[in-house]
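Let's take a walk through a protein model together. Have a look at the sequence and the structure, and then we'll go through the strands and the core.

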Amino acid sequence: MKSLRFCLLACAPVALIATAPAGPIQLTSSVMVEKIAMVNGHEQTVLKAPKPVFPGDHLLFQTDYKNTGATAADHFVVTNPVPASVAYAGESTAGAEMSVDGGKNYGQLSALRVKTPDGQSRPARPEDVTNLRWTLATIAPGTSGSLKYRGMVK
Amino acid sequence: MAVIVVSPAYARGVRAGSIVANTATATYDVGTTTTTINSNTVSLRVDEVLDVTVASRDANDAGVAADAKNQVRTFTVTNAGNGPEAFNLSALSVNGNAFNPAVTLVAIDTNGDGIYEAGTDLVVANGNAAPVLEPDASYTVLVLSDIPATAADASRGEVRLSALAVTGSGDPGTVFAGKGLNGGDAVVGATRANADAKGGFIVAKATVVLTKSATVVDPFGGTRGLPGAAITYHLVAAVSGSVSVGGVHIGDTIPDGTTYQSGSLTLDGTALTDAADGDAGAASSSGIAVGLGTQAPGTSRTVTFTVKIN
């Protein structure tokens, strides 16, 4: 999760941002592509505005929230689906629950199972994840944060 | 600051032109009111990766005769990228072997039978583009070659089929801006969008040498060719080379002025009956014949028969 932390400090989303209609909570999505780059002779992960992307590109999906109102928002639940052409890479902001059935059921990945064609089931793998969900008890007025996960273009 | 971006390259991914769209949703309560909001939608276009693989379909070298024409080697060319792509196919003889096959034709094996059929299989001018392949799709390519007449027994030669993406090839990560599907970019994948494979030929020659000799025993115990003398002919068939030879047959006529001695025909020291029956040989007053069938390299078979000078 080193790069995630790096990103929390270093990169405000700079591209592909639009804001949902005004309300007490603003929700903003962005996606960055992570590239391994040689910077002054050292390998370093850099984030680039991705347009376009290629199979194998590593993406960082980010949802920013902010309470711009005067009252607290309670039981704040953010759901972010994993696009069909993206494989969840197993890394996300702490507290996430996963779904492998399109959002019907959520839980920790280790507790989830996936049906196999032979009628049996197997433990779920990161690439099986269809949705991520974060639940925050309350968001005080004026507070904000980011929820992220990593994926790879299939 | 020097920044060199190393692009990853994975074959057979999401089809070029696909859109990756992402919208987050949130619900929250303010007092007793539950509100649901959506974020903006982020859309990314997946662009084209150029990748190709070429593999020989032949498990072994093809055994060929020297001077054989249009000998076939088969290859599978697969579009390992994520967009429809055409590939230039080039077939050349590989240098450094005992002989150089001369490529005569490159064709797509449209019915997949591994045999070139004029009018059925699609000829591709050597070095030119074959029809577009969808991602993950492949075709069988037939490469026909002539074997030089001078190729020695057991010597080996090879042809190489190369496939290059028409859009472009080169170091992985090389970007061809605007050259991808629907005007998107195309980037070279791990295969460099340039792949090749080799197919081998091995010359198989068999040589049969027949040697005839005679020993004479005259009626007086000498070796002079007198009337009444017995002449025993030895016919030795020796097979050499790297392959078996089929239908080996030893025949001889009874010389004028001599008479075949009944029951004198032998093969490798074992008597054969004169009748054309279950054994390999037959003999009559006009000649002898022994059928040996298929003989392996290194085999030597000896037939003898005796005549008496009239």
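How many bridges pair strand S9 of chain B with strand S11 of chain B? Six, and these strands (residues 102-108 and 138-146) run in the antiparallel sense. Val103(B), for one, sits opposite Ser145(B) in S11(B). A strand here is a DSSP run of E with at least two residues, numbered from the N terminus, and two strands pair if DSSP finds at least two bridges between them.

Before going on, a word on the model: it is predicted, so local features need pLDDT of at least 70, side-chain atom pairs count only at pLDDT 80 or more, and totals for chains, interfaces and linings use all residues. Residues are numbered from 1 along each chain as its sequence is written, while chains are lettered from A and ligands numbered from 1 in the order in which they are written.

Now zoom out to the open sheet of five strands in chain B, ordered S5-S7-S11-S9-S10 with antiparallel pairing. S5 (52-56) and S10 (122-123) of chain B are the edge strands with a single partner each, so one side of each has no neighbour in the sheet.

Next, the largest nonpolar core: it has 71 residues, and Val153(A), Phe87(B) and Ala163(B) are among those touching the most other members. Such a core is a set of buried Ala, Val, Leu, Ile, Met, Phe, Trp, Tyr and Cys residues joined through C-beta atoms within 7 Å; buried means that 20 or more other C-beta atoms, placed from the backbone, lie within 10 Å of a residue's own. Strand S12 (residues 156-165) of chain B gives the most to this core, with five residues.

Conventions. A residue is buried if 20 or more other C-beta atoms lie within 10 Å of its own, exposed if 12 or fewer, and partly exposed in between; C-beta atoms are placed from the backbone. Helices (H or I, at least four residues) and strands (E, at least two) are DSSP runs, numbered from the N terminus.
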